[in-house]
Amino acid sequence: MSNRVGRVERTTRESSVLVEVDLDGSGKVEIDTGVPFYDHMLTAFGTHGALDLVVRATGDTHIDAHHTVEDVAIVLGQALRAAFGEKKGIRRFGDAWIPMDETLAHAAVDVSGRPYCVHTGEPEVMIGFTVGGNYPTVLNRHVFESIAFHAQIALHLRVIHGRDPHHITEAEYKAFARALRAAAEPDPRIGGIPSTKGVL
């Protein structure tokens, strides 16, 4: 397959973000967003997605993590979309079940060109919880919606059960990573676009 790399830079009054992604990487990551737990999650995302991933961001984290977390998700989605290219010869669909101690999460991905996100099952504790004093877990849904919209993928992400907000969040990022990895993999039986329409 041709080089499947995406690189996007975006600067606003609230943040400056650079994302580089290689779909055919080996999980080599370089992450610095200024939000330590988000760095941890994006490191897990790149590692378990077997993506080579660079994320560099600066933003108004002294106000709140929200702007930086959101803007990184937007740019990551845009970089993924660029890396997918024409989507020739990919599996297109992927899913993954990820257990993390008491937590179980499931993700399903369709690299469809039609953005959609269904995110369900997080317990109510996630609405008001902040991991490490820097990452409000209420942002999880917004992150996944932003990535799905800008990558133009359909993402269904479910927390089947879980108690610890750290474990729940990490299982979700890892499940998404593994499902995306499966969907983006080359399919040796498919040479063209995996769609009856001929385009994704």
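Starting at the N terminus, the elements of the chain follow the order β-β-β-α-β-α-β-β-β-β-β-α-β-α. That comes to four helices and ten strands, where helices (H or I, at least four residues) and strands (E, at least two) are DSSP runs, numbered from the N terminus. The radius of gyration is 16 Å, close to the 16 Å that the globule rule gives for 200 residues, so the chain is as compact as a globular protein of that length. Here the radius is taken over C-alpha atoms, and the globule rule is 2.2 Å times the number of residues to the power 0.38.

A word on the model itself: it is predicted, so local features need pLDDT of at least 70 and side-chain atom pairs count only at pLDDT 80 or more, while totals for chains, interfaces and linings use all residues. Residues are numbered from 1 along each chain as its sequence is written, and side-chain values use heavy atoms, with hydrogens and water left out.

Along the principal axes, the C-alpha atoms fill a box of roughly 50 × 40 × 25 Å. Of the 200 residues, 50% count as buried, that is, under 20% relative accessible area, with exposed set at over 50% and partly exposed in between (1.4 Å probe, protein chains only). Contacts (heavy atoms within 4.5 Å) reach well along the sequence: among those between residues at least 6 apart, 75% join residues at least 24 apart. As for charge, there are 20 positive and 26 negative side chains, with the centres of the two sets 9 Å apart. Lys and Arg count as positive and Asp and Glu as negative, leaving out His and the chain ends; each charge is placed at NZ of Lys, CZ of Arg, CG of Asp or CD of Glu.

Now for helix α2, which covers residues 66–84 and includes Asp-71. With 19 residues, α2 spans 27 Å from its first C-alpha to its last, close to the 27 Å expected at 1.5 Å a residue; the expected span is 1.5 Å times one less than the number of residues. Just past the end of α2, Gly-85 adopts a positive phi of about 60°. Asp-71 counts as buried because its relative accessibility is 4%. Setting aside residues up to four places away in sequence, Asp-71 touches Arg-10, Thr-12, Glu-14, Ser-15 and Val-17.

Phe-93 sits in strand β5 (residues 93–100). Beyond its neighbours within four places in sequence, Phe-93 contacts Val-109, Asp-110, Ala-182 and Ala-183. Glu-185 is 92 residues from Phe-93 in sequence, yet their C-alpha atoms are 9.3 Å apart in space.
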